[in-house]
Amino acid sequence: MIATWYVLVSLMLIIYVALDGRNFGAGMLHWLVARTPEERRQVVAAIGPLWSWHEVWLVGFGGTLVAVFPRLMASAFAGYYLALFLILWSLILRGVSIEVGGHIDDHLWQGFWDSVFAFSNFLLGILFGVAAGNVGRGVPLDAEGTFSMTFFTDFRVRGYVGLLDWYTVSVAIFAVVILAAHGATYLMLKTEGPVHDRSAVWAKYLWSAAVPLFLAISVESWVVRPDVPEHAISNPFCWLGLLIAVGSIIALISGLSTRRETRAFVGSSALLVGLLVTGAAAIFPVMLYSTIAPSNSLTAYGVASSHKTLVLASFWWPVGFVLATAYFVFISRRYAGKVSVKRDAQGFY
Amino acid sequence: MNSNISDPAFWSRFQFGFTLTYHYLFPQLTMGLAWFLVYWKWRALKKGDEKYDKAVRFWAKIFGLNFAVGVVTGIPMEFQFGTNWASFTRYSGGVIGQTLAMEGMFAFFLESAFVGALIWGEKRLGPRYHFAAALAVALGSWLSGFFILVTNAFMQHPVGYRSESNGLLGIASLSGYLLNPWAFVQFAHNQMAALVTGSFVVTAVGAFYALRGLHATQAQLYLRGGTFVALISSVLVAFPTGDQQAKMVGRHQPVTLAAMEGKFVGGSRVGVAVIGQPNVAARRLENPIEVPGALSFLAYGTFSSYVHGLEEYPADAWPDNIELLYYSFHLMITLGTIFIVLMGYASLQNWRGRLTSSPWLLWALMLAFPFPYIANTLGWMTAELGRQPWLVYGLFRTRDGYSKVVSNGDTIFTLIGFIGLYFVIGLLFLYLEGREIAHGPDEVVVAGGGAVASSRQEVVSSPAELVANRNGERFV
């Protein structure tokens, strides 16, 4: 039961990253692929009315986490206090910049919000990357399962670590590159003209850059947590994740080289899913590793709600998930195709 | 309230109170407005009258901006459970997490999937599906309200839980938890209050246009629909929902009722003070002007019913800010009464066909719209201050719920950050909504400058086509 819920909670977060990751990536590349105000409207329109739908997956993840692993939420969110507020404020700025930017036809107004948009997405890419690095590396959990961390200490990965060290920073760099690549692939799919062509060039460079970074991260992860690969080999979900990743790389490469943009984007999304599935499966059952003493680590079994609570949640939760999938189908069909930026007085674009 | 600035619970309460109060300014309008959109869309579908579609197009824009600010200010709320109230989350997450997750899974997904279709999908979806989108958004927003109120009702009147062997709470009965009687009364009361806000805003915009002599047909539509819904909801928010809510407090939180009314000494035939100030140090209500027997009757059904006084309870069971609680509750009631009188008179004038010809009434209706926001806020202050000193009533104290690892400085720092950020968002919101309202529901063809205008001229050749285009959806 607890393992199943670990899968479901991870799934929510993974879907969120795959959905909102495109927006982070597109936002980071905003000023690079779009050089005129009109071109920048194309990028915003590609994210347009769906950003709140994407962000809701984060809310669904948060709510499910409270219900199923309340002690993890309590420990991690209080421990990451200031970093978490940076994420929240960046999310607020990102949402506001998308919404208000198009309300007024003025280049100065739109230019300002375009900058806020790019900056907040870039910051979100870094922060989520650092967060992923922290989950992988662990945090200084004490015997009561709580911690409080500074932004950085001595940049080493053991003992009283900070938010930033050589490992989490390199994960953040990898996250920024791969999210930007994902965003570029998305913009290829959704835009036409110069924005499309520049996105295609960026997608190729960024995906190429992601390969050596991925190899470096893999080696680093093994150095930081040598115990993880031993567990991972025997976990079928790890192999499933790797399988998804390999399949999606093939789809991505073939999609990019034959200009089949839908295939490339599906491959790119699946690649994020595959990598995250592998990662989530590899660390199981530890959800938050203690860099002080491994025995202080928070495992899924230690932080879960009572058995009855989990059983009750498993009655209604799948219904909600199936409904969400149905909306997903509706949205994919309704918003399919390239974006248009014809002005029609219906709010932003 | 223990307003000692070295008390961490105080700063976390301040922060949560601030972010929640600010956040709720936006959902209360969208929850009220959503049913106007559904109704107008339905009328448009049935009668094919363009004025209803025009109203939906205009209010969908107002709705969209409110919705967006509601989303961005709502996401921090869920995370603050973990950041600032970690001990509370650890203790009760197994229970309240159920509805927090349900809100995401059942309400937010529905709402956010269809809100784009409502705002930008008119042409591509066609009238029937566009109506369905409006309905989906309205249902989603009310469902979200329901799940949040179940969560709050658990904190007010915990049911359906059990204490696990490790001392933490778990669910014993999901149906018991979801069907908490407190939740139903509170939901009915709160949703009526949201309709009051929505209808007052619709009325105010109608009055604004009527006073300026603009958009006459639309102004008439907003004034008629707005005053009608405002009267009905203002009555319902007081009776039966507000009345039942007060009875619920009397039954399950008698000490809270005593504090709300400033009753230090219990007794039968207890009156309601229309005017008065609680003096907690001296344990009395200063200069009270009372309606005799009213509280006994309202809370327990007969004029001779016994009403408990604060002195019957130990001081550490009293709500910790009795003055603020008293003023919030009494001002809410006063405003609610004024709403009924104002909208009763406006509906009468509307029925006599004299609504748009009495400027002073239009002025009053135009200037009335902030007060439902104030009344809603006061209602929530009453509920939350009245729940003190408990986080989960009778089970878990507020002073035990905050995050032990977070320093006061961190909380104050993030509080100041929120105040600054939300101030800027508030300015932007008012500016942009003001622009939309100034622009109005009637489509005006502007020969604007700039590159966008030139690209616009490429696609359209005649003004009629331009109007058709502007009325259409934006496709993404």
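## Reading a two-chain model, feature by feature

Among contacts in chain B between residues at least 6 apart in sequence, 73% join residues at least 24 apart. This is a predicted model, so let's take its features one by one.

Q: Where do I start with chain B: how many helices and strands does chain B have?
A: Start by counting the elements. Chain B comes out with 16 helices and 8 strands.

Q: What does the radius of gyration tell me about chain B?
A: The idea is to set the value beside the one for a compact globule. For 476 residues that would be near 23 Å, and chain B has 24 Å, which agrees. As for burial, 53% of the 476 residues in chain B are buried.

Q: And which domains is chain B divided into?
A: There are two entries here: domain 1 takes in 8-253 + 334-442, and domain 2 takes in 447-476. Their C-alpha centres lie 35 Å apart.

Q: Is α13(B) mostly covered or mostly uncovered?
A: Mostly covered, with 13 of its 18 residues buried. A cis peptide bond joins Q388(B) to P389(B), with omega about 5°.

Q: Where else can I find a cis peptide bond in chain B?
A: Go to F239(B) and P240(B): the bond from one to the other is cis, with omega near 5°. P240(B) is in helix α8 (residues 216-252) of chain B.

Q: How many residues of chain B are in contact with chain A?
A: For an interface, count both sides. Here 67 residues of chain B are in contact with 69 residues of chain A. Several elements of chain B each supply at least two residues to the side that touches chain A, including α3 (50-83), α4 (86-120) and α14 (408-439). The most comes from α4(B), with 24 residues. By type, that side of chain B divides into 34 nonpolar, 21 polar and 12 charged residues.

Q: Where do nonpolar side chains tend to be in soluble globular proteins?
A: They tend to be buried together. In this model the largest nonpolar core has 269 residues, and F69(A), L37(B) and W59(B) touch the most other members. α4(B) gives the most to this core, with 21 residues. Leaving out residues up to four places away in sequence, F69(A) touches V9(A), M287(A), A300(A), V303(A) and A304(A).

Q: Is I98(A) buried or exposed?
A: Count the C-beta neighbours. I98(A) has 26 other C-beta atoms within 10 Å, so I98(A) is buried. I98(A) belongs to helix α6 (residues 81-101) of chain A. The C-alpha atoms of I98(A) and W113(A) are separated by 7.5 Å, with the two residues 15 apart along the chain.

Q: Which phi does F155(A) have, though it is not a glycine?
A: A positive one, about 65°. F155(A) lies in the loop between α7 (107-137) and α8 (166-190) of chain A, and counts as partly exposed because it has 13 C-beta neighbours inside 10 Å.

Q: What about the phi of N287(B)?
A: N287(B) is not a glycine either, and its phi is positive at about 30°. You'll find N287(B) in strand β5 (residues 284-291) of chain B. With 9 C-beta neighbours inside 10 Å, N287(B) counts as exposed.

Key. Residues numbered from 1 in each chain as written. Chains lettered and ligands numbered in written order. Predicted model: local features only at pLDDT ≥ 70, side-chain atom pairs only at ≥ 80, totals over all residues. Helix = DSSP H or I, 4+ residues; strand = E, 2+ residues; numbered from the N terminus. Rg over C-alpha atoms; globule rule 2.2 N^0.38 Å. Buried ≥ 20, exposed ≤ 12 C-beta atoms within 10 Å, placed from the backbone. Contact = placed C-beta atoms within 7 Å. Domains from an automatic or database assignment. Nonpolar A, V, L, I, M, F, W, Y, C, P; charged D, E, K, R; others polar. Core = buried A, V, L, I, M, F, W, Y, C linked by C-beta atoms within 7 Å.
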